[in-house]
Amino acid sequence: MWLSVLLVAALWQCTASLHHMCQDTNTTDNEEIKRRCTACYMETLASLKGTEGSDIVFGANNGKSFDPAWGFGYWDSVPQHTITWVEPVPALFAELTENTKNVPNKILLNKAVRPLSMSSNVLEIFCYNFSVIDSYLKDGVNPLPPALGAVKIQDYWRALCGIDKEEVYHSANIKNENFRGLSLEEQQAALAEVDKIIVKHSIDALTPEEILKETGLKDVRYLQIDVEGLDNDIVKSLPLQKSDFHPDLILYENRQGSAVRDYLEANGYYWCCCFNKYGSNIVAARKDPQDQVTGTPV
């Protein structure tokens, strides 16, 4: 009996220490807040090594590029996890399939993730044409109009997708100072040239809960979200009220990410900003980790 009590106490002390970096502090030092948030993410992610369960990535890209978990070697550290990568863009999905071919326990879905607020089960996504990007990087012939000035296609444009063209323009800095100095007619002509290298994809879309049902995933430990500007809406659509869905760690792209802070905190998570890896990200770490021992939901 005493051994059991001591074991539970030791586990509680360990997990409490783990999450101290995730808790709110009285500091107003932004750099200190970011440091603690980074430590919260890194320590919680490391704590999942050697565990059983599953992980999900909404907006997987090619499985490597712009993926914080891959950059820290997380996927190799959890060989017993079932990892589900969800990626809507066909060209990226093909690369994802190749890059994850040696991962033993995986589920790949060529689908989009939609929030509950979106009734359509088809999502339209705009991306730059991969063939044009590859051609420019190989031959150096820039297809963009000279009126845009120094804007040049970059390799990271592969990841610049959005649910509307304005977002795609913005992420590539198309409407820069040179663009703003053009007449309206010249602006329209320049955008018409840019539109020639943008591809629209119509992708079957599922809500987070529908994805969970389709994959049959249980005991999700880590959830990563980077979904074309829908990040906050997807977070609000997570079935966190369900007793069997409480990821230990959630990472999502910071696009006014504090808008869903209350939702996460109300459902048992520490919330912090920001973890800066491939852009600004929000970290949400599950509170009361001792409940993982007792099986009691938060």
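Which cysteine forms a disulfide with Cys 273, and how far apart are their sulfur atoms? I looked this up in a predicted model. The partner is Cys 274, and the two sulfur atoms lie 1.6 Å apart. I checked Cys 274 for burial: its relative accessibility is 9%, so it counts as buried.

Confidence. I noted a mean pLDDT of 88 for the chain, with 89% of residues at 70 or more. I then looked at residues 1-17, where pLDDT is below 50 and the model shows 6 contacts beyond near neighbours in sequence. Residues 291-298 are also below 50, with 16 such contacts.

Disulfide search. I searched the whole structure and found 4 disulfides. In sequence order of the bonded cysteines, I wrote down the pairing as 1-3, 2-6, 4-5, 7-8.

Cys 22 and Cys 40. I found their sulfur atoms 2.0 Å apart, in a disulfide. Cys 22 sits in the loop between α1 and α2, Cys 40 in helix α2 (30-47), and 18 residues separate them. The link is right-handed, with 100° about the S-S bond. I list Cys 22 as buried at 2% relative accessible area, and Cys 40 as buried at 0%.

Cys 127 and Cys 161. I found this disulfide with an S to S distance of 2.1 Å. It links strand β5 (residues 122-128), which holds Cys 127, to strand β6 (residues 161-162), which holds Cys 161; the two cysteines are 34 residues apart.

Notes: Residues numbered from 1 in each chain as written. Predicted model: local features only at pLDDT ≥ 70, side-chain atom pairs only at ≥ 80, totals over all residues. Heavy atoms only, no water. pLDDT = per-residue confidence, 0-100. Contact = heavy atoms within 4.5 Å. Disulfide = S-S within 2.5 Å. Helix = DSSP H or I, 4+ residues; strand = E, 2+ residues; numbered from the N terminus. Buried < 20%, exposed > 50% of the residue type's maximum accessible area, 1.4 Å probe, protein only.
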